[in-house]
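Subject: Handing over a structure

Dear colleague,

I am passing the structure below on to you, and after it I set out what was found. Please read the notes with the model open beside them.

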Protein chains: 2
Amino acid sequence: MQKQIKLIKRPVGLPTKEDFEYHEVAIGEPTESQLLVRTVYISVDPYLRGRMNDVKSYIPPFELDSVITSGVIGQVVTSKSTQFKAGDLVMGSLGWQQYSIVNETDVRKIDTDLAPASAYLSVLGMTGLTAYFGLLDIGKPKAGETVVVSGAAGAVGSIVGQIAKDKGAYVVGIAGSDDKVNYLVDQLGFDAAINYKTEDVNKALDAACPNGIDVYFENVGGEIADAVFPLLNNFARIPVCGAISTYNSEGNNVGPRVQEYLIKTSSLMQGFTVGNYSSRFSEGAAALGKMLQTGKLQYNETVTDGFDQTIDAFLDLFKGANTGKAIVKVSEIEPN
Amino acid sequence: MQKQIKLIKRPVGLPTKEDFEYHEVAIGEPTESQLLVRTVYISVDPYLRGRMNDVKSYIPPFELDSVITSGVIGQVVTSKSTQFKAGDLVMGSLGWQQYSIVNETDVRKIDTDLAPASAYLSVLGMTGLTAYFGLLDIGKPKAGETVVVSGAAGAVGSIVGQIAKDKGAYVVGIAGSDDKVNYLVDQLGFDAAINYKTEDVNKALDAACPNGIDVYFENVGGEIADAVFPLLNNFARIPVCGAISTYNSEGNNVGPRVQEYLIKTSSLMQGFTVGNYSSRFSEGAAALGKMLQTGKLQYNETVTDGFDQTIDAFLDLFKGANTGKAIVKVSEIEPN
């Protein structure tokens with residue numbers, strides 16, 4: 001038997017444990033071209049909150065009483081496929097459960113010579129690609145420009161800032177604790193960072209961005225974003241990746257309208273999701289892998305131990321508890 | 001002697017007559033390479049409201065106690081330039097006064113064989129170019145897509161809708177009276193139009209756009225814009241041209257934040273001003289001239305008679321009193 005996690009109620013506002021339920025079910029047996037995969041790491045991500053609502057979006061909502069899915073790293077236990085063997089490490093979009101039966105086309109092997117397995121859920125996975133394409137394809141930072149990143153110590157934000165630094169930009173991060181602020185400046189090389197919980201964001205941003213803001217990488221929305229618009233330079237670009245501060249708002253997400261700011265500065269806001277760039281994933285992964293190998297890209301993970309902690313790890317995202325990528329470790333990788 | 005209009009106070013909220021003052025001054029004499037030009041038509045435009053505030057924008061604010069400037073058509077009275085002769089019709093950015101002394105490089109001749117002189121302030125001038133570049137360069141409407149235009153019976157909006165129809169789009173206009181709604185559908189060929197003053201814009205838009213919204217040409221901002229965001233299709237485009245409903249708001253312009261809508265649909269908002277496209281004006285003017293000659297482009301003017309009515313014509317813009325381009329006729333064109 002194994003455990004799995006189902007969504008049983010659509011959260012209203014902040015999700016609670018009562019919205020989820022653990023079930024015990026049989027592990028099952030793979031048939032022709034299938035694999036039995038033991039879950040090693042589960043990715044918990046802010047965007048999953050959106051899928052828990054029953055609304056049209058870029059990705060269909062989770063169905064009630066179904067197992068939640070997200071990025072997963074697993075190890076093959078039994079293979080009925082000629083393309084995989086027991087012990088292989090694989091990744092795919094799999095269920096929140098201890099074991100999965102998957103088709104051979106649903107997962108791909110990962111190369112742990114390049115980076116540890118968990119990196120494929122963060123810097124070398126969707127997280128890194130989200131940062132890469134959002135910043136470079138929409139934000140288009142140029143050397144000497146000012147790039148502001150919110151959620152800067154988070155999984156995506158921390159990579160965005162480092163890529164922007166690599167492009168020669170002046171990079172300012174916004175995060176929610178002094179530890180995170182120090183991490184951004186001391187460890188990741190950000191030029192400045194702001195603790196939005198203890199500083200007046202309007203004043204701090206104004207002080208940190210004496211030349212205005214050319215690129216704002218949006219991860220959080222809400223009042224932090226409101227403070228950015230008055231500082232935009234002409235032809236500023238705003239990749240809109242996330243709005244975690246507002247995901248749990250119950251119809252009360254109002255703030256200054258942005259139209260006049262955009263007109264005055266001819267600025268651009270572009271919502272996106274990493275899936276828009278699927279035809280270019282290999283380009284992005286190669287570039288990120290190269291930055292990683294040459295020491296230009298550091299990443300951090302907040303790893304929570306144990307399948308039973310998965311819901312807590314997810315709920316912690318909305319408390320700002322993680323630095324870097326939030327991952328649940330479900331089992332150990334077994335040596336081949 | 002002649003009259004001129006100066007800005008003497010920065011308007012708070014809606015401008016009033018007390019913010020302006022008429023002065024009597026000498027007409028003056030042109031010197032070498034200069035012209036004396038008699039004002040024929042003055043363009044009154046919503047964007048001028050922004051220049052009356054003392055804030056950084058794409059165009060510097062008007063200085064207090066200075067003559068207001070905007071697009072003007074004039075007729076040469078006396079020429080000290082070899083490039084112009086008395087009787088020539090010219091256009092330029094000139095003062096709100098009955099006569100101007102201008103350098104020969106500040107104005108250019110217009111061709112009244114192609115269209116009446118006033119058209120160079122509307123469909124063949126900045127107004128038409130604003131519609132042309134905003135819609136085609138940012139909105140990029142494709143055949144069969146749904147294009148929504150606010151301020152649809154206004155100078156820019158009425159041209160936007162016609163260009164969108166020419167590109168094969170399904171075009172829905174939002175305007176402020178039944179007369180305007182009828183004009184859009186019956187005269188300009190819009191597929192549908194909504195009177196935001198008598199209809200529930202949310203419901204009416206939903207009904208008028210059964211396939212969602214692919215392009216929203218933003219002229220008005222405020223609650224009308226708020227109603228558009230929930231109906232955006234994936235990869236929608238929003239050229240942000242104006243926000244007339246909010247120009248006179250006194251720091252109270254709040255509404256639903258747009259980030260989540262942009263993320264869910266990977267939509268784009270791009271503020272712009274026609275000056276961004278100055279290197280392509282001849283392309284735009286040629287395309288608009290061709291549409292005009294082939295009968296694909298109709299335009300409407302609200303012409304107010306008399307220099308003394310200039311302030312009223314400007315204030316009327318914010319009451320939605322005009323259909324098409326608002327112009328003040330200051331003097332008659334004299335035959336050569």
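In strand S2 of chain A, A:Tyr22 is the residue that stands opposite A:Ile5. The two strands concerned, strand S1 (residues 2–7) of chain A and S2(A), pair in the antiparallel sense over six bridges, where strands, like helices, are DSSP runs numbered from the N terminus (E, at least two residues, for strands; H or I, at least four, for helices), and two strands count as paired if DSSP finds at least two bridges between them. They belong to an open, antiparallel sheet of three strands, ordered S2-S1-S4 in chain A. Strand S2 (20–25) and strand S4 (66–67) of chain A are at its edges with a single partner strand each, so one side of each has no neighbour in the sheet.

Before going further, please note that this is a predicted model, in which local features need pLDDT of at least 70 and side-chain atom pairs count only at pLDDT 80 or more, while totals for chains, interfaces and linings use all residues. Residues are numbered from 1 along each chain as its sequence is written, and chains are lettered from A and ligands numbered from 1 in the order in which they are written.

Chain B also has an open sheet of three strands in the order S2-S1-S4, with antiparallel pairing. Within that sheet, strand S1 (residues 2–7) of chain B pairs with S2(B) over six bridges in the antiparallel sense, and B:Lys3 stands opposite B:Glu24 in S2(B).

How are the two chains related? The same surface serves both copies, since 100% of the contact residues of chain A recur in chain B.

The contact between the chains takes 31 residues from chain A and 31 residues from chain B, two residues being in contact if their C-beta atoms, placed from the backbone, lie within 7 Å. On the side of chain A that touches chain B, the elements giving two or more residues are strand S13 (232–240), strand S14 (254–256), helix H7 (259–265) and strand S15 (268–271), and the largest share, six residues, comes from H7(A). Across the two chains, S15(A) pairs with strand S15 (residues 268–271) of chain B in the antiparallel sense over three bridges, and A:Met269 stands opposite B:Met269 there.

Within chain A, the domain assignment, which is automatic or taken from a database, gives domain 1 (2–122 + 300–329) and domain 2 (126–277 + 285–291). The centres of these two domains of chain A, taken over C-alpha atoms, are separated by 28 Å, and 19 residues of domain 1 are in contact with 18 residues of domain 2. Helix H1 (47–51) and strand S17 (325–329) of chain A are the elements that give two or more residues to the domain 1 side, where the largest share, three residues, comes from H1(A).

Finally, A:Val228 touches A:Val148, A:Leu205, A:Ile213 and A:Tyr216, leaving aside residues up to four places away in sequence.

With best wishes
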